[in-house]
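Thanks for making time this morning.

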Amino acid sequence: MPSAIAVTVLAAVLFSGTAAPAFAAKGSRGPKRPQSRKAAPKPSALSLLAQGKDNMKRLQLSAAIQLFQRATETDGASAEAFFELGNAYYHRAFQRGNPEKADADDATQAVESFQTALALDPALTSIREPYLL
């Protein structure tokens with residue numbers, strides 16, 4: 001599990017210069033998001049997202065990354081797919097719990113995926129479970 005420091009650092013990168021959101025605290029459920037007006041991901045992308053989330057729950061991070069990557073390829077406009085991909089890379093990068101031992105490539109992929117999600121949906125209104133980060 002990533003440390004609170006790692007979460008705070010990543011939140012600061014994602015929210016570039018703004019204070020870390022309240023949901024960055026461990027155990028916080030996060031703010032309620034308004035319903036998105038953006039189109040929902042295509043059904044096949046939704047299926048891939050669901051499978052990837054199941055893998056995340058079982059800590060099968062590499063399998064989850066593959067599924068989320070396929071979801072981004074299936075629906076390149078899905079901020080949720082890129083967010084989940086970033087989340088999976090983030091957890092795999094920091095799975096040792098120590099920022100000094102983090103996998104730099106996975107951490108870079110996480111930031112790039114989060115940046116793409118933010119570019120697609122700047123308010124992240126389409127993200128259903130942002131508190132899982």
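This is a predicted model: local features need pLDDT of at least 70, side-chain atom pairs count only at pLDDT 80 or more; totals for chains, interfaces and linings use all residues.

A word on the terms before the numbers. Two packed helices are described by the angle between their axes and by how far apart those axes are.

Start with helix α3, residues 61–74, and helix α4, residues 79–93. Their axes come within 9 Å and cross at roughly 160 degrees. Angles over 145 degrees count as roughly antiparallel, and α3 and α4 are therefore roughly antiparallel to each other. The crossing of these two helices, α3 and α4, is left-handed. On the α3 side, the contact residues include Leu61, Ile65, Phe68 and Thr72. On the α4 side, they include Phe82, Leu85, Tyr89 and Arg92. By class, the contact of α3 with α4 has 10 nonpolar, 4 polar and 2 charged residues.

Now the contact of α4 with α5. The axes of α4 and α5 are 7 Å apart, at an angle of about 160 degrees. That makes α4 roughly antiparallel to α5, and the crossing of α4 and α5 is left-handed. From α4, the residues involved include Ala79, Phe83, Gly86, Tyr90 and Ala93. From α5, they include Asp106, Ala110, Phe114, Ala117 and Leu120. The contact of α4 with α5 divides into 12 nonpolar, 5 polar and 2 charged residues.

Next, the rings. How many aromatic pairs does the structure hold? There are 2. In one, Phe83 and Phe114 are tilted, 5.5 Å centre to centre with 55 degrees between the planes. Phe83 lies in α4 and Phe114 in α5, residues 104–120, so this pair ties together parts that are 31 residues apart in sequence.

Tyr90 and Phe94 are both buried.

Last, the loop residue. Where is Leu59 found? Leu59 sits in the loop between α2, residues 43–57, and α3. Leu59 is exposed, with a relative accessible area of 66%. Its C-alpha atom is separated by 9.3 Å from that of Ala88, 29 residues apart along the chain. Ala88 is also one of the α4 residues that meet α3.

That is what I have; I will take questions now.

Key: Residues are numbered from 1 along each chain as its sequence is written. Side-chain values use heavy atoms; hydrogens and water are left out. Axes are lines fitted to C-alpha atoms, for helices over the stretch in contact, and angles run from 0 to 180 degrees between N-to-C directions. Helices (H or I, at least four residues) and strands (E, at least two) are DSSP runs, numbered from the N terminus. Angles under 35 degrees count as roughly parallel, over 145 as roughly antiparallel, 65 to 115 as roughly perpendicular and the rest as oblique. A crossing is left-handed if the near helix is turned anticlockwise from the far one by less than a right angle, and right-handed if clockwise. Contact means heavy atoms within 4.5 Å. Ala, Val, Leu, Ile, Met, Phe, Trp, Tyr, Cys and Pro count as nonpolar, Asp, Glu, Lys and Arg as charged, and the others, Gly among them, as polar. Rings of Phe, Tyr and Trp (its six-membered ring) pair if their centres lie within 6.5 Å; planes under 30 degrees apart count as stacked, over 60 as edge-to-face and the rest as tilted. Buried means under 20% relative accessible area, exposed over 50%, partly exposed in between (1.4 Å probe, protein chains only).
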